[in-house]
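Here is a briefing on one protein chain. Please look through the sequence and the 3D view before reading the points that follow.

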Amino acid sequence: MLEKLLYKIESNCNTVDKELITKAFNFSYAAHKEQKRESGEPYIVHPVEVACILAEMGLDTSTIVAGLLHDVIEDTAYTFEDISKEFNIEVANLVEGVTKLGLIKYKTKEEEQADNVRKMLLAMAKDIRVILIKLADRLHNMRTLKYMPVAKQKQKAKETLDIYAPLAHRLGMSKIKWELEDLSLRYLNPNEYYNLVRKIAEKRVEREENINNIMLELKFNLNIVGIDADIDGRPKHFYSIYRKMVAKNKTIDQVFDLTAVRILVNDIGNCYAALGIVHTVYKPIPGRFKDYIAMPKPNMYQSLHSTVIGPHGKPFEIQIRTYEMHKIAEYGIAAHWKYKEGKEGNDDENEKFDSKLSWLKDILEWQGETFDAEEFMEGFKIDLFSDEVFVFSPKGEVINLPLDATPIDFAYRIHTDIGHRCMGAKVNGRMVPLEYHLKTGEIVEIVTSSSPKGPNIDWLNITKSNQAKSKIKAWFKKAKREESIEKGKEVLEKESKRQGYNFGEIAKGEAIEKIYKKYNFKAVDDLFAYVGVGDIMPSTVVNRLREVFENKNKIENLTIEDIEQKITKNTSKDEKKKTDFQGLIVKGEGNVLVRFAKCCNPVPGDDIIGYITKGRGVSVHRRDCKNVETLMKNEINKVVEVSWGASEGKGYITEIEIKADDRYGLLSDIMEIITVTKTQLYSINAKTLKSNVALINIKLKVADIEHLKELQKKITKLTGVIEVYRIKN
């Protein structure tokens, strides 16, 4: 394996330190020695294959070393510090960048995926080689996916098609992109994949004969005018053909351009000269010529494309590029990285390199404003997948935007302030509406106001780019915050008055602080703002404040001496147990204020114990509560025996939250279960998130923990319900 890797390095890399590569191989081999892959082969096979893929790209020593070590931190006992000490900080940072967020627990797979993508994007922004290692890792995993269970195959294939293949495309790495797409199709739609392979193979001989004739004819005509060129026939990859068949509802017989002819020449001048010869020999199809040399794609791809009518009247595509363009077309940013090497002091070179990653900076900018995992992943995929248009600023600068982008997208791409001041737009010198869809080649000029009037809320429905949407949302969030805070205060005061309370009185001190901290807000104004925009019901806040206020009034004059006296009074004479609050029995005097501890939320059926608290009666904890363990060590004299008594007719008030796909009839189905299980309902609050997920908060009374479990089990079985859980303060 090591000899194979060193041979790849010898063939593709010039300045790689082979001694360090050998050291990394031995280190990785020792670290993974006891591990096996799903195929049964030694684990070391995987990191070596990843390193070989990186070597084929012609990458540097640190990247190949990191490829050999990329799973060491995640899958072995070695740490970041170990890698840094044994090799260097550069290698350690690359390995850390590739390592997933494996130690964090997530509620959903979407959240985990979103966090891993965010981490990967941030690591890419620091060092683009992180994604090159990750793509090599994913490519080898896809090549060996047949050893995984079928469910895992489909999950990995979909993730690859959604994230990694588009990333490879964005980075201009077409060779890796094509293989990832074909492998994904093989596992996601095996029937379609193998049917396509079979049908293409059936006419391969006939097709190759036609292409060979075309290549000979072109070679002959190019030689006549003295153009030295390499010509080959490149078969379209399966996923590309599959997408075309699905998008245009065609059969394989109706797809003519199964093979493209590629012409490689020495310089740009010969590219255009060769194009002239091609159009002389074969008739071009109008509107099917694209000049990506004069106007490169954002992923650095450069080539001339033309679709022409070939022999027997069948169209085929011709691509013309230089050898250097071809290398960049295959390996994209990896090829550019080689030019950046050793040029750290050259600001012009570094600026050119960084400009090729401007799309990454755009994604990082808007993703910082997006906290919802589903919304982030949807936006991320749109940014990767979207087709593009290329327009010009009045100064001739080329601006790339998503397909169907509007002048508003253009304005925000130029500068945030230009977007906020946008009043109108001119395209090719004439006024157009702001919802106008820009087309490639148009010159766009934004008409601005003298002062930033701010965006219109309707622009969110017009714009196509996530960058513009995030800046518009940020403006409204900031500009409307004060208004939302005032409105929130107003509706809370009205709701308090409706319930017969003064808001200022019940929201004193710790009461309101507990509420906003429950929602993970940093300040009370955040709570007011959310109430103001309708994200939190005012009744929910006031109900909680009212409960705290009423409980406080009951016990504000009760001292610890009073409680101790009540508990110890007549204990020696009468050990009789008396039932108290919600079926609880406190050993001793019965007329004692009892409350449930919020740290462990005991439920009828739990093993419980009581603790005397100053001014608040007896606090009831679960016996295994960590707080009780500490109290029993340090303040055993304040611990009293408490047990569940006959709770018939008493019940226990609790809250559950239901997370479900929003659908018609969901609430009525839940209410039916509450009725069937003879559960008393106290309150219900429901809202729908942007991801079309419903959150339903229900306060109800249950007899005991078994009653609660039965209720949760029945609700969980409803169509679309994701999870049902108790709310813990």
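Cys52 has a relative accessibility of 2%, so it counts as buried, the limit being under 20%. Cys271 is buried too, with a relative accessible area of 0%. The structure holds 0 disulfides. The model is a predicted one.

**The chain as a whole**

- The chain has 729 residues, and 47% of them count as buried.
- Its secondary structure consists of 33 helices and 21 strands.
- Among contacts with a separation of 6 or more, 66% are between residues 24 or more positions apart.

**Helix 15**

- Helix 15 covers residues 268-281, which is 14 residues.
- From its first C-alpha to its last, helix 15 reaches 20 Å, close to the 20 Å expected at 1.5 Å a residue.
- Which residues of helix 15 are buried? They are Cys271, Ala274, Leu275, Ile277 and Val278.
- As a general point, an α-helix has 3.6 residues a turn, so residues three or four places apart point the same way.
- What do the buried residues of helix 15 pack against? Their partners are helix 13 (204-224), strand 2 (259-265), strand 3 (283-291), strand 4 (304-309) and strand 5 (315-322).
- At the start of helix 15, a side-chain oxygen of Asp267 comes to within 3.3 Å of the backbone nitrogen of Gly269.

**Ile722 in strand 21**

- Ile722 is part of strand 21, which runs over residues 721-726.
- Is Ile722 buried, partly exposed or exposed? Its relative accessibility is 41%, so it counts as partly exposed, the class between the 20% and 50% limits.
- Leaving aside residues up to four places away in sequence, Ile722 touches Lys659, Ala660, Asp661 and Val693.
- One of these, Ala660, is 62 residues from Ile722 in sequence, yet the two C-alpha atoms are 4.9 Å apart in space.

**Two loop residues with positive phi**

- Asn428 is not a glycine, but it has a positive phi of about 55 degrees.
- Asn428 belongs to the loop between strand 8 (422-427) and strand 9 (430-432).
- With a relative accessible area of 51%, Asn428 is exposed, because exposed means over 50%.
- Lys678 also has a positive phi, of about 55 degrees, although it is not a glycine.
- Where does Lys678 lie? Its place is in the loop between helix 32 (666-676) and strand 19 (680-688).
- Lys678 has a relative accessible area of 76% and is therefore exposed.

**Asn461 in helix 23**

- Asn461 lies in helix 23, which covers residues 459-462.
- Is Asn461 buried or exposed? Its relative accessible area is 67%, so Asn461 is exposed.
- Asn461 and Glu435 are 26 residues apart in sequence, and their C-alpha atoms are 9.4 Å apart in space.

Definitions and conventions:
Residues are numbered from 1 along each chain as its sequence is written. This is a predicted model: local features need pLDDT of at least 70, side-chain atom pairs count only at pLDDT 80 or more; totals for chains, interfaces and linings use all residues. Side-chain values use heavy atoms; hydrogens and water are left out. Helices (H or I, at least four residues) and strands (E, at least two) are DSSP runs, numbered from the N terminus. Buried means under 20% relative accessible area, exposed over 50%, partly exposed in between (1.4 Å probe, protein chains only). Contact means heavy atoms within 4.5 Å. The expected span of a helix is 1.5 Å times one less than its number of residues. A polar contact is a pair of N or O atoms within 3.5 Å; within protein, one must be able to donate a hydrogen and the other to accept it, and residues adjacent in sequence count only if both atoms are side-chain atoms. A disulfide is a pair of cysteine sulfur atoms within 2.5 Å.
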